[in-house]
Amino acid sequence: MGTNEAMTLSEKVWERHVVRRAQGEPDLIFIDLHLVHEVTFDGLRLSGRSVRHPELTLATMDHNVPTTDLSQPVADPVSRRQMDALEANCLQFGIALYPMGHRNQGIVHVIGPQLGLTQPGMTIVCGDSHTSTHGAFGALAFGIGTSEVEHVLATQALPQSHPGTMAVTVDGQLPAGVTAKDVILAIIGTIGTGGGIGSVIEYRGSAIRSLSMEGRMTVCNMSIEAGARAGLVAPDDTTFSFLEGRPHAPKAKAWERALDDWRSLPSDPGAAFDKEVVLDAARLRPHVSWGTNPSQVVAIDGEVPDPEQFLDPSQRDAARRALSYMGLHAGTPIRDITVDTVFIGSCTNSRLEDLRAAAAVIQGRRVRPGVRAMVVPGSMEVKAQAEHEGLDRAFTGAGFEWREAGCSMCLAMNPDKLSPGERCASTSNRNFEGRQGPGGRTHLVSPAVAAATAVAGRFATPQELD
Amino acid sequence: MDPILRVTGTALPLDRSDVDTDQIIPAEWLKQVERSGFGRGLFSAWRADPDFVLNRPEHAQATILVAGPNFGTGSSREHAVWALMDHGFRAVVSPRFGDIFRNNCTKVGLVPAQVEAGEGAALLAAVQSDPALEVTVDVDRRVVLAPGAGIEAPFPLDDFTRWRLLEGLDDIGLTLRHLDAIAAYESGRPAWMPALSAPAGGAG
Ligand code: SF4
């Protein structure tokens, strides 16, 4: 690729990180930040290798931490063993760790940005697919598996084949009550769970630009649900003002130099993408998922679709199976579906802005009797700030449980699980079969819809509460 | 990783699309610290059904999994690959794979063969109608063969990955050969980029 050629943001970040390029081989890419949670380092130890850059590695605990009383020992012995193993490994290899109870602990994709570690133009990896979240800052951030985690620990580099580029443009003004979550659900509903496979998606357009950093993180977070290797938003003044002053953000002269550099990152005018999709923001509505994959979504004003209407046979089959798993019938209005549980949390929607949006809805209202509702902040810092603003009292006053930070009911690895058949409005990112507990039924929604649904006991928007 | 020239055997037809890694191995199985024994968790939510294809005796010896499109999307858990291999699979055929899953496969030595949608569907149907059909996933020639059904479906595999699979080479060892290049790159990194301080009672 010639240097005079117009380049996309993802190509620019990629080119800056090529350590070695050889014909017929994947590029060797340097990794600026490696986030680690709940892993063993056995492979590393067995092969006698060490960690090349402990200072570019950060560990925390999120997946299996309990989110109830932290003063109690962890009841699950297996989770305890995993946490102990991580702690011992971090100590041995000199890796910074924010363990359970630490004020910086939280979901790995919440704390990176919060600490200012996530910056434009970086490469960031983590053994977790939602690493795409960090792309909101214009960083190239992607999930890797255990073997690659070991690879990065040992070498701080990763052989990667060049991804394709895809532009998803959302232009226009979002209607009132339509949030970042609805934008990404609509995008996945349009391009499908395989729509982004092999590509890095750059989200563009005035509706994306108008989102806060929290909203952009929500959008980029779910890139993986569209199959993409990563998601990106070009850095701009919104990005810079979010970052300025955070603990790991550059200071003084270094900040000025960094700014100059970051301003050169956005895609050049005329840069070509392999694929392009355009959505009209003005036509978007709050979305609810009805099935068992994140492309099976519909506007809240709609109804459960009829599988026989799907033209593609494999989609028809998937829809039939989904309806039977979800216990739903074609033609049922979404607003008539009642829920047992409401979960506000996960790396998609557990930041302060999300909690504020939900709290504004439930303020002065009550959770419908019989509905179990819980809020799990994304990090200890989010929790502290929310408590400072009194959001916790708004939630508990309305009948929500207010929890400690972690992944919690997003993946049912800690004691928070759905029972078979239990129906949940969830702000998380995956409605897969059994994701929130065996037999559990997940509907993906925004924090505002989740909160309104807790009050109404059925799917609702804040606008329609009395 | 053991060298793999080709995988020949019978196949298991999994006629579903969008099989994500949560289905391949549910989260409750991820808590163990060792890498072995994940085969018991393979498709565990579906295995309760005695008619589920994995429970059928005619497919008990299958070493090749033939699945619908979008196989292995979702979570990055490498356990999905470990579970498939622990159960005895050596290759997976699908019209489309989740990127991370596919990557994980080639690191551990499970061959991901991405074939055209039509050929994938034909193979699925052929295996369903004849569970004893012999299938070969040939890494060397980059082709899936089922001569009994007249199927010969090429699949993409870059030269480097093909070579690594054929030789059974450890990826990390290969990168460690380029430490000079890594060191040269490191010396040119901007000074403002974030770095953490080592733990001393509390992380920095
Ligand atoms: S909140 Fe859910 S999706 Fe996010 S990192 Fe935790 S388990 Fe994964």
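Predicted model: local features only at pLDDT ≥ 70, side-chain atom pairs only at ≥ 80, totals over all residues.
Residues are numbered from 1 along each chain as its sequence is written, chains are lettered from A and ligands numbered from 1 in the order in which they are written, and side-chain values use heavy atoms, with hydrogens and water left out.

To return to chain A, His37(A) is found in strand β3, residues 33–37. Which side chains make a polar contact with that of His37(A)? One is Asp62(A), at 2.8 Å, and another is His63(A), at 3.4 Å. A polar contact is a pair of N or O atoms within 3.5 Å; within protein, one must be able to donate a hydrogen and the other to accept it, and residues adjacent in sequence count only if both atoms are side-chain atoms. If we set aside neighbours within four places in sequence, His37(A) is also in contact, meaning heavy atoms within 4.5 Å, with residues including Leu86(A), Val108(A) and Asp128(A).

Two of these names lead us to the ligand. His63(A) and Asp128(A) are among the residues that surround it, as are His109(A), His130(A), Cys407(A), Cys410(A) and Arg435(A). A residue is near a molecule if one of its heavy atoms lies within 4 Å of it. How is this shell divided by class? There are five nonpolar, five polar and two charged residues. Here Ala, Val, Leu, Ile, Met, Phe, Trp, Tyr, Cys and Pro count as nonpolar, Asp, Glu, Lys and Arg as charged, and the others, Gly among them, as polar.

Still in chain A, please look at helix α5, residues 146–155, where nine of the 10 residues are buried. Among them are Glu148(A), Glu150(A) and His151(A). The helix is followed by Gln156(A), which lies in the loop between α5 and β8 (157–160) of chain A. Gln156(A) has a positive phi of about 60° although it is not a glycine. Most residues other than glycine have a negative phi. Gln156(A) counts as buried, at 0% relative accessibility.

Asp18(B), a residue other than glycine, has a positive phi near 55°. Asp18(B) sits in the loop between β2 and α1 (21–24) of chain B, and is buried, with a relative accessible area of 17%.

Ser199(A) brings the two chains together. Its place is in strand β10, residues 199–204, of chain A, and at 4% relative accessibility Ser199(A) counts as buried. Beyond its neighbours within four places in sequence, Ser199(A) is in contact with residues including Met166(A), Arg229(A) and Lys275(A), and with Asp99(B).

Now to chain B as a whole. Its secondary structure comes to eight helices and eight strands, and its C-alpha atoms fill a box of roughly 60 × 40 × 25 Å, taken along the principal axes. Of the 204 residues in chain B, 56% are buried. Of the contacts in chain B with a separation of 6 or more, 66% are between residues 24 or more positions apart.

My last example is helix α5 of chain B, residues 117–129. Its 13 residues reach 18 Å from first C-alpha to last, close to the 18 Å expected at 1.5 Å a residue; the expected span is 1.5 Å times one less than the number of residues. Which residues of α5(B) are buried? They are Gly120(B), Leu123(B), Leu124(B), Ala126(B) and Val127(B). These cover an arc of only 165° around the axis, so they lie on the same side of α5(B); the arc is that of the directions from the helix axis to the C-beta atoms. On the other side, Ala117(B), Gly118(B) and Ser129(B) are exposed. What covers the buried residues includes strands β2 (11–14), β3 (64–67) and β4 (91–94) of chain B.

Key. Helix = DSSP H or I, 4+ residues; strand = E, 2+ residues; numbered from the N terminus. Buried < 20%, exposed > 50% of the residue type's maximum accessible area, 1.4 Å probe, protein only.
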